[in-house]
Every structure is written in C-alpha cells, then in structure tokens.
Amino acid sequence: MSKAIIFDMDGTLFQTNLILEPALEETFDVLRKENLWDTKTPIEQYRGIMGVPLPVVWKTLCPNHSLEIRVKSNEIFHKKLIELIQAQKGALYADVERTLNELSKKYPLFIASNGQIEYLQAIVETYNLDRFIQNTYSIQLIRSGHKSDLVQMVKNKNQIGNGYVVGDRSSDISAAKDNELIAVGVNFDFAQEDELKQADFVVNNFKEILELI
C-alpha cells in the first residue's frame, strides 16, 4: 500500500472562476435565442452553488424547466467550458506546476473531481498535467455521485494506504475523512471559511503544500 495525494480540480488546481461565468453567459444567450429563458443570467445564484455536480447546477438554476431542457443546457455549458479551456482563457493557480513537479518525484498523484470526463481531459491536455498526474477520475464514474465514493475508488484501484486529499470545498474534506486520509483545504476562490474549518490543514498558497507533505 502506497502513500499518495489526490487533488480536486476546480478551484484547487485550475482557476475555474475565469471561465465559468463567461460560459454560463454564453449558455443562457443560447437559451434566450431559443425562447427557453427570458430574464438575465442567474450569475449570483450560480456563485452560491459553484463546486456541485453539473446536474445539480441545472436543477437549481432551472427548477421549472423539464429534464430534457436541463440536459440540453448542461451540454451547451459543457461545450462552452471546453472551448474556453482550449482557447486558454482559464489558468492553473500560481505555483501549481512547480509544486506538482516536486511532489510527483516522491508520491503518486491523482485527480478526483466533480467535473465531467471530457471537461477534465481538456484541462489535463491543455496544461500537460499528465506530466505529473498518474490518472484523472471524474464523478461520472460513480453511480452515487458522491465525492467520498469517488475517492474510495481511487484509493482502492491504486492500492493507496494513506495520504492526502487536497481541495477547496466540504466534499473534498469529507472525502478525505471518510477514507481515513488527511484533508488539506486550499483557501482559494470558491472556498468557504466554515467548510475549511473541518480540514486538517489549510493553505493560502499552493506551494505551502510542499511544507506540509
């Protein structure tokens, strides 16, 4: 059994905030053109739920729409996100590449994310993260849709005995605790103070992880 580090993607490695709102605005532009939405884009409402799985996003933003329209909206949004990633409109957080490079010399590194498979792959390919990351796991691989179950799968598949989960939200911290791993909270864009209190450690800069691990 090995020691490993499992990272969240959005708001931890990748500055998703740079592309989320432009993608959301473009998605609702499409919905307005198709007469499926007639008011402003619910940006503020979306900010309050960032980090949850995309199906939950659309159930929340479009509670009165049919499942078919929600699925269509999600597909449009997903496409817009990938286009923005490939156009390099997003970015990794400061010191992510240097820190991952140093850590990968000592530990196997993995990503476990609520993002969809194609979306995660776009980030990995655009920023060449497979230089450091052994494998990337999407929540789509888990029927329950729970981050704790996804981390358990990563742990079992890679024979991880102990290690760390690094993330910005309560789902990451809970996933660490539920799997007897150490929770490292990153105090970045989407982080919530009350959620970070549950972490074993909190960092304000990504490179601080090198001092902990």
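Which hand does the crossing have where helix 7 passes helix 8, left-handed or right-handed?

Modeller: Helix 7 passes helix 8 in a right-handed crossing; the call is left-handed if the near helix is turned anticlockwise from the far one by less than a right angle, and right-handed if clockwise. Quick caveat: this is a predicted model, with pLDDT of at least 70 needed for local features and 80 or more for side-chain atom pairs, while totals for chains, interfaces and linings use all residues. Residues are numbered from 1 along each chain as its sequence is written, and side-chain values use heavy atoms, leaving out hydrogens and water.

On the helix 7 side, Lys-147, Ser-148 and Val-151 meet Ser-171, Asp-172, Ser-174, Ala-175 and Asp-178 of helix 8, where contact means heavy atoms within 4.5 Å. By class, that contact has two nonpolar, three polar and three charged residues (Ala, Val, Leu, Ile, Met, Phe, Trp, Tyr, Cys and Pro are nonpolar; Asp, Glu, Lys and Arg charged; the others, Gly among them, polar).

Now put helix 4 beside that. Helix 4 packs on helix 6 (residues 117–126) at about 0 degrees, with the axes 9 Å apart, which means helix 4 is roughly parallel to helix 6. His-78, Leu-81, Ile-82, Ile-85 and Gln-86 of helix 4 meet Glu-118, Tyr-119, Ala-122, Ile-123 and Thr-126 of helix 6. This contact divides into six nonpolar, three polar and one charged residues.

Helix 4 (residues 67–86) also holds Lys-80. Setting aside residues up to four places away in sequence, Lys-80 touches Ala-23, Glu-26 and Thr-27. The C-alpha atoms of Lys-80 and Pro-22 are separated by 8.5 Å, though the two residues are 58 apart along the chain.

Notes: Helices (H or I, at least four residues) and strands (E, at least two) are DSSP runs, numbered from the N terminus. Axes are lines fitted to C-alpha atoms, for helices over the stretch in contact, and angles run from 0 to 180 degrees between N-to-C directions. Angles under 35 degrees count as roughly parallel, over 145 as roughly antiparallel, 65 to 115 as roughly perpendicular and the rest as oblique.
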